[in-house]
Amino acid sequence: MKIIVFIEQIVSTQVKLQGVDYFDSTRVSEDDLVINPSSKNALEGALKLKDQLGAEVTAVCVRGLKPNKALREAIAMGCTDAIEIADENIYTDDPLLLAKVYVEALGKIGEFDLVFLGVEEQSTGSYAIGAMLSEKLGLPSVLYAEELEVIDSGYKVGHVLEGGRKIVAMPSKGVISCSDSQYFTPRYTSMRGILTAKRAEIPKWTAADLGLSSSVVGKEATSLIEVSFSNIVLEKESYIIKEGEPEEKVENLLAKLKEDEVKLGA
Amino acid sequence: MVKTLVFGQIREDVIEENTLGVLNKLTEISGISEIIVALFGHQIKDEWITELGKHGASRVVSVKAPELEVYLSRPYVKAMLEVIEKTEPMLVIAAGTVYGEDLIPRLAVHHGVSCAQRINDISIVGDELHFHTPVRDDQAMKVNRIEGAIKFATSRAGAFFVNENPDGGSPNVESFDVTFSEEDMLVKHIEIKKAERTVNLKDAKIIVAGGRGVGGKEQFQIIRELAEILGGEIGATRACTDVHWIEETYEIGQTGQSVSPDIYIAAGISGAPQHVSGIKAKTLIAINTDEGAAIFNFADYGIVGDLHVILPILKQKLQG
């Protein structure tokens, strides 16, 4: 059994860079780069099946400034191996172009059973890749999965639904996107895993290796054209207390609420 | 003029709220010439059509089939592609629910274009449609346009208000059949497990809610204690209810309950749109260790600090 996990790397949202600056790659250091939290849920989904069924799990990273770093962490978590796809001719801001790259990567990898992805990329809220990939592959899919159970015909998957959870059955070959749920809570890297990751050889593929060019997956090929990108100026006036000892902060808040005649309590 | 097709969603036997919000938004944009709604199901109820008309739909196109009783990607994509072919819209939009977000990117793939995701505004500039998507915890705004004859988009949940006094008329109604094969039904519906809603938070005046930052089941005690002192209710994000730190009835947000208290205290909550879309509070007070957390964008008051330190002090001061 072979599982491919497509992961993304983002700039940690804990960094001080705010608004538009956050997306300025020249201001980002390697330490700021982390695996997209949702991609970690996907890794966990695949690794649970590895534990259970002895699956081979390959992590693939296309979107990110230093995919190699993210992939070493994926191996440290327990992935069997990893593939880096890095090329300035790939425009990863468009989920459709990213889906095209994923399809060709799967073609080059060869046989596989399941594809796992995270439900969304945290920094932009982009979620379309899972649906686009499964549609391009023509494979059955379940998105926003929260739990997964192996059954005779394939998998029983519970996914997020407004007001509850929906349970469906899917065949053994397909695409699953994973949510931040108890079942998909990512494991930590192990000491042994970290050592394996250090030694691991991670092949690097380019667009040309996948038979793709910038006219197919580059910025010139996108149908999603950026018109503007700017900071949001809040109209709302907020009173946010950042300085002081905890006790002072609370006193400050209560005094301000009193001044504004906001009654705390029934 | 922009002819628009909206994916009509039903939740618990009525038209889903965010879909009504999308309709309201579309009626406000001059330049939208016709609002068509696609309705799918095993049955199509007259009251749904009346409701859609009231909220601005001028035409409802329905497909009735047992395979469409519950949303499943393949049959819904197939039906929607046929509606698109018949109605020839320039914009296809769905409210950003789980189903809407599943459907729209798939339709876009079939038309060879990308899609706009989780928009909170649409504008028409010249003869172009501009889609506004907030990013980086709502600190920046990306505006995109989409090339191609048909544009596809989803709204962000809670982005558009529902018109409380809609005055639209009766829409034109048409229906047609779509046939499905076994290949379309490879993913099979088993059941929907409705979350237990034993506590109604809708009328709560004060809510103290916890998020992932609370850290565990036992740590929720301080949230409960503060709520009790304030005479309020407790609430939580889906992340907390899913890991059973707290009962699922307390989930607030897109997939939980919608609330409109006088005071909402958000402790250890990052402020993801899926949670914030369920809150319409007069006053929101946020406590979070991360100064850049999106919740501070929505907060009227806030403390940057650890809730496990701040809340006990707050409790003590309120008691004393």
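Biologist: What percentage of the 320 residues in chain B is made up of buried residues?

Modeller: A residue counts as buried if 20 or more other C-beta atoms lie within 10 Å of its own, as exposed if 12 or fewer do, and as partly exposed in between, with the C-beta atoms placed from the backbone. By this count, buried residues make up 56% of the 320 residues in chain B. This is a predicted model, in which local features need pLDDT of at least 70 and side-chain atom pairs count only at pLDDT 80 or more, whereas totals for chains, interfaces and linings use all residues. Residues are numbered from 1 along each chain as its sequence is written, and chains are lettered from A and ligands numbered from 1 in the order in which they are written.

Biologist: How many helices and strands does chain B have, and what is its radius of gyration?

Modeller: Helices (H or I, at least four residues) and strands (E, at least two) are DSSP runs numbered from the N terminus. Chain B has nine helices and 18 strands. The radius of gyration is taken over C-alpha atoms, and the globule rule is 2.2 Å times the number of residues to the power 0.38. For chain B the radius is 21 Å, close to the 20 Å that the rule gives for 320 residues, so the chain is as compact as a globular protein of that length. Along its principal axes, the C-alpha trace of chain B spans about 70 × 45 × 35 Å.

Biologist: Into which domains is chain B divided?

Modeller: Domain bounds come from an automatic or database domain assignment. Chain B is divided into domain 1 (2-185) and domain 2 (206-319). Taken over C-alpha atoms, the centres of these two domains of chain B are separated by 32 Å. Six residues from domain 1 of chain B and nine residues from domain 2 of chain B take part in the contact, where contact requires C-beta atoms, placed from the backbone, to lie within 7 Å.

Biologist: How many residues of chain B are in contact with chain A?

Modeller: In general, the size of an interface is often given as the accessible area lost when the parts come together. Counted here by residues, 72 of chain B are in contact with 71 of chain A. The chain B side divides into 32 nonpolar, 18 polar and 22 charged residues. In this division Ala, Val, Leu, Ile, Met, Phe, Trp, Tyr, Cys and Pro count as nonpolar, Asp, Glu, Lys and Arg as charged, and the others, Gly among them, as polar. Strands also pair between the chains: β11 (residues 224-231) of chain A and β10 (residues 140-146) of chain B run antiparallel over seven bridges. Two strands pair if DSSP finds at least two bridges between them.

Biologist: Which strands pair with β1(A)?

Modeller: Strand β1 (residues 2-11) of chain A has nine of its ten residues buried, so it is largely enclosed by the rest of the structure. It pairs in the parallel sense with β3 (residues 56-63) of chain A over seven bridges, and A:Ile3 stands opposite A:Val57. A parallel pairing with β5 (residues 114-118) of chain A has four bridges, and there A:Phe6 stands opposite A:Leu117. Three bridges join β1(A) to the antiparallel strand β2 (residues 33-35) of chain A, where A:Gln9 stands opposite A:Ile35.

Biologist: Which residues of the largest nonpolar core touch the most other members?

Modeller: In soluble globular proteins, nonpolar side chains tend to be buried together. A nonpolar core is a set of buried Ala, Val, Leu, Ile, Met, Phe, Trp, Tyr and Cys residues joined through C-beta atoms within 7 Å. Of the 127 residues in the largest core, A:Val5, A:Ala59 and A:Val101 touch the most other members. Helix α3 (residues 95-109) of chain A gives this core its largest share, eight residues. A second, separate core of 50 residues includes B:Ile265, B:Ile310, B:Leu311 and B:Leu314.

Biologist: Is B:Arg118 buried or exposed, and what is its phi?

Modeller: Most residues other than glycine have a negative phi. B:Arg118 is not a glycine, yet has a positive phi of about 50°. It is placed in strand β7 (residues 116-119) of chain B and counts as buried, with 25 C-beta neighbours inside 10 Å. B:His244 also has a positive phi, near 65°, but is exposed, with 10 other C-beta atoms within 10 Å. B:His244 lies in the loop between α6 (238-242) and β16 (263-267) of chain B.

Note on methods
Contact = placed C-beta atoms within 7 Å.
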